[in-house]
Amino acid sequence: MLRIRDLHASIDGKEILTGLDLDLPAGEVHAVMGPNGAGKSTLSNVLAGRDGYEVRGTATLDGTDLLALEAEDRATAGLFLAFQYPMELPGVGNAYFLRTSLNAIRRAHGLDEVSATDFLSVAREHLTALDMDPAFLSRSVNEGFSGGEKKRNEILQMSMLQPRLAILDETDSGLDIDALRIVARGIERLRGPDRSMLVITHYPRLLELVRPDRIHVLDGGRIVRSGGPELANELEADGYVGVTDRIPA
Amino acid sequence: MTVAADDVMTEEAVHARTWLCEHGLPTGREEDWRYTPVTEVRRHLDALPEAPPRQREVTRDDIDRLAGQHGPVRIVHVDGVHVPALSTDALPTGLWFGTTHNLSARVRLQLTTPAGDPPDGFEALNRSASQDVLYLLVADDADLREPVHVVHVSTGASVSHPRLVVDVGVGGRIHLVESHVSLDGGGFTNASTTVRLSARSHADVHRVQEQATDAVHVGRLELHHDAGAHASVTALSRGGAISRLTTVALLREPEASCTVTALLAPGIGARHDDAVTVDHLASRCTSDLTVRSVVPERARVTSSGHAIVRPDTVATVAHQRTDSLVLHPTGQADSRPWLEIFADDVRANHGSATGRLDDDALFYLRSRGIPRAEARDVLVGAFARTLVERIDPPSLRDQIAGWFGPEGTA
Ligand SMILES: Nc1ncnc2c1ncn2[C@@H]1O[C@H](COP(=O)(O)OP(=O)(O)OP(=O)(O)O)[C@@H](O)[C@H]1O
Ligand SMILES: [Mg+2]
């Protein structure tokens, strides 16, 4: 599914990703952990196609060269990024945003657009599943949303857009206990043989709810260690310093 | 004494013509006209015939298509001449409509207020050259909530001077939608509307300028407030290679108020100049000006807000806010607040901001599969939305929302 080789990314002459390799097979959920400033969000942004990075190396999604595509084309190719800090869009209604997005992706796949009424009934189902107040649909995108509400709104988008590859950048940060469960459920519901997920997190708690197939440690702009779910406990016990120290340079 | 209607008008027209001969059109050196490309406006004016060489016939379908349908009453002016065949016959009680040629004695009495010197050459030209002035009278206490839609059509490459006078009786209320449209390009419209608001009356004016992209539009909207009168003006402009709108509110008696909202969306390379003056001549008057402009490639928008607070007035409130969204590095937006305050008891403020499209917001939309151009439209629509949302009637709101994409962003 996702294959990354020797990925480098710099911004303003500063190299942040320093030769990153990662394989994420179809149907699997992988977690990425790593200290603050390690480059986790940079990896997400580079994969999603944010401007401003100087990028080298390869990243393919089902064989398609992601790095050659515009951001919107990566989305229609099935990539979804749940942002660490979702943007506020004053004046853009949340329902309108979601429907425009859904229809843009459907159009790109030669499907008919969904009508406003059909959209609303589908959106309501997803809202209920995420225990979100339908009032969120009529508000401006993320404007005045609490931190946790913004994260839930990202999961709402993800569950409606049904991406093939979802990258969740610290979606669990700032969530209360119930919201964490809801988000975990949203992730679990999306899990399937055709989908993959890259879950960036600082907390083992989410990884107990969503058992990842593998865990990677990102430090200094590359993956420095990979292992099974048990790696989370090791990290919790020894910290990043303890875990990465044991790795030969 | 009976005076023929034509004589009444001739007097105003003659006076305006004499004034015009003495003073001429603005040159661009006047403070009020510094930001309008007056030389180009005058060149355009000189190059065009007064009347269209062969007027194209305008149909009801044309009006529906160009101006929309915004109320049960529609009055159509083609190249400055009233066309009864395209206008509504039946008027609601409390509303009287007439033109220069059919003024009744009752109306004439109300209109014999001497107009005085024209404030500028374009207004003088309008007064002296308009052939068919439209008059709308609202009876005392008449509550006309359904919009009265006045449509001015320019049929093509000629000059027209549409003129509208609205008189709202004591405690009366009118909702006026004034549309300026073009059947063909290349025209010059020099329009003037005066709204006289008697005590405690209320006027809601939506002025829509949607003329051809190569047209030149000079417009004036003048409001005269008596005590406790309120006017709410919404100016929506997008047509024209050059468009200048002067809005003047004279709050002549206590407790008069007005809100003026302008949404300017010029086309590529166009010049829009929006000049608003509110003169607080009495105590406890309030005004609130909000301007938003969307400035594309090579376009230039100037928005001036001139607030005057006269000596010996108290408890005045005067607010101004201008926001511009510049879509391209070659677009330019200028905002020029001008406060002349000669009293102490005044709450006045002004603010302005010019911004560009937010790259992060664009990326967020694109990361959801929305193509760049559509993402831009969504953000522009969102910027305009707070003003568009307030537009009434809904038919007009939808029409204006359409300026910013196929549908609203709500
Ligand atoms: N626009 C930028 N200009 C300069 N440095 C940047 C820029 N964006 C990110 N960086 C730097 O790149 C490094 C990696 O940042 P990134 O946001 O990817 O870290 P992260 O692993 O997501 O951290 P966190 O766990 O705190 O979210 C940091 O040192 C950060 O300061
Ligand atoms: Mg981060």
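Okay, let's start inside chain B: between its domain 1 and domain 2 the salt bridge count is zero, a salt bridge being a side-chain nitrogen of Lys or Arg within 4 Å of a carboxyl oxygen of Asp or Glu. Quick housekeeping: this is a predicted model, where local features need pLDDT of at least 70 and side-chain atom pairs count only at pLDDT 80 or more, while totals for chains, interfaces and linings use all residues. Residues are numbered from 1 along each chain as written, chains are lettered from A and ligands numbered from 1 in the order written, and side-chain values use heavy atoms, with hydrogens and water left out.

So, the domains. Still, 14 residues of domain 1 are in contact with eight of domain 2, contact meaning heavy atoms within 4.5 Å. About 880 Å² gets buried there, 66% of it from carbon and sulfur atoms; that's accessible area (1.4 Å probe) that two parts lose on being put together, summed over both. On the domain 1 side, B:His70, B:Leu236 and B:Arg238 supply 46% of the buried area, more than any other three residues.

Now chain A against chain B. Here 36 residues of chain A are in contact with 21 of chain B, and the buried area is about 2300 Å², with carbon and sulfur giving 58%. In chain A, A:Glu72, A:Met87 and A:Tyr96 lose the most area to chain B.

And how many salt bridges between these chains? Seven. One to look at pairs B:Asp360 with A:Arg50, closest N and O atoms 2.8 Å apart.
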